[in-house]
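I opened my notebook to write down what I looked up in this structure. The entries follow in the order in which I made them.

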Amino acid sequence: MNRHLAHNVEPSDVLILGKIKKVHCVLLARHGRGHTIMPTNVNFRANIWALKQEGCTHIIATTACGSLQEEIQPGDIVIIDQFIDRTTKRHQTFYDGSSASPVGVCHISMADPFCRKSREVSVEKVLKIMKENANKALSIILTAIPQIASMDWSESIKSLRISQEGSVMLPRH
């Protein structure tokens, strides 16, 4: 299924509709199926708009990123509850005043940036399956690509008690 935002801005890839255990689901490869879209160039607004047009009410996104805490090992699952966005060069909102954006200004609290109920369900299911390989209340810092894995940068943000570092994620709005 191919849905697009105003001004013919396409999502990262076609939407794939199906069911997982009788639950209607829509899959979208945010970097493109060939993993050809750089994190800075992922058009999250087009992706979210396409999912919304398809009737999606919740988004569950996965990412592979590096841990800044020794107790989090490769293969562990981490369900993030907070984030610090240090990225640049991408739109931060749907409400940017452009002709394609919704009219007005929208102030949204980011105190709880993720749907609480979705997190509870996710945490419950993951902890049941993964047991000791799951971490549920951790923070992520989003960085521009050249900074990822820089030793000085990682040591600096580790002192902030951040547990993960990644480059692509935007929360619910």
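**Entry 1: a cysteine in a loop**

I began with Cys115, which sits in the loop between strand S4 (77–85) and H2. Helices here are DSSP runs of H or I with at least four residues, strands are runs of E with at least two, and both are numbered from the N terminus. I noted that the model is predicted: local features need pLDDT of at least 70, side-chain atom pairs count only at pLDDT 80 or more, and totals for chains, interfaces and linings use all residues. Residues are numbered from 1 along each chain as its sequence is written, and side-chain values use heavy atoms, with hydrogens and water left out.

I looked up the exposure of Cys115 and found it partly exposed, at 27% relative accessibility. The scale is this: buried means under 20% relative accessible area, exposed means over 50%, and partly exposed lies in between (1.4 Å probe, protein chains only). I also checked Cys115 against His58: they are 57 residues apart in sequence, and their C-alpha atoms are 8.4 Å apart in space.

**Entry 2: helix H2**

H2 covers residues 116–130, which makes 15 residues. From first C-alpha to last it reaches 20 Å, close to the 21 Å expected at 1.5 Å a residue; the expected span is 1.5 Å times one less than the number of residues.

Which residues of H2 are buried? I found Arg119, Val123 and Val126. They share one side of H2, because they cover an arc of only 80° around the axis. The arc is taken from the directions from the helix axis to the C-beta atoms. I wrote down the general rule as well: an α-helix has 3.6 residues a turn, so residues three or four places apart point the same way. On the other side of H2, I listed Lys117, Glu124, Lys128 and Ile129 as exposed.

**Entry 3: salt bridges**

How many salt bridges does the structure hold? I found two, where a salt bridge is a side-chain nitrogen of Lys or Arg within 4 Å of a carboxyl oxygen of Asp or Glu.

One joins Asp13 and Arg33, with the closest N and O atoms 3.1 Å apart. Asp13 lies in the segment before strand S1 (16–20) and Arg33 in the loop between strand S2 (23–27) and helix H1 (44–53), so this pair ties together parts 20 residues apart in sequence. Asp13 is buried at 15% relative accessible area, whereas Arg33 is exposed at 57%.

The other joins the side chains of Asp112 and Arg116, at 2.6 Å from N to O. I noted Asp112 as partly exposed, at 36%, and Arg116 as exposed, at 54%.

**Entry 4: aromatic rings**

A search of the whole structure gave one aromatic pair. It is formed by Phe44 and Phe94, edge-to-face, with 6.3 Å between the centres and 75° between the planes. Rings of Phe, Tyr and Trp (its six-membered ring) pair if their centres lie within 6.5 Å; planes under 30 degrees apart count as stacked, over 60 as edge-to-face, and the rest as tilted. Phe44 lies in helix H1 and Phe94 in the loop between S4 and H2, so the pair ties together parts 50 residues apart in sequence. Phe44 is buried at 11% relative accessibility, and Phe94 is buried at 16%.

**Entry 5: the chain**

Last, I looked up the chain as a whole. I counted three helices and six strands, in the order β-β-α-β-β-α-β-α-β along the sequence. Of the 173 residues, 28% count as buried.
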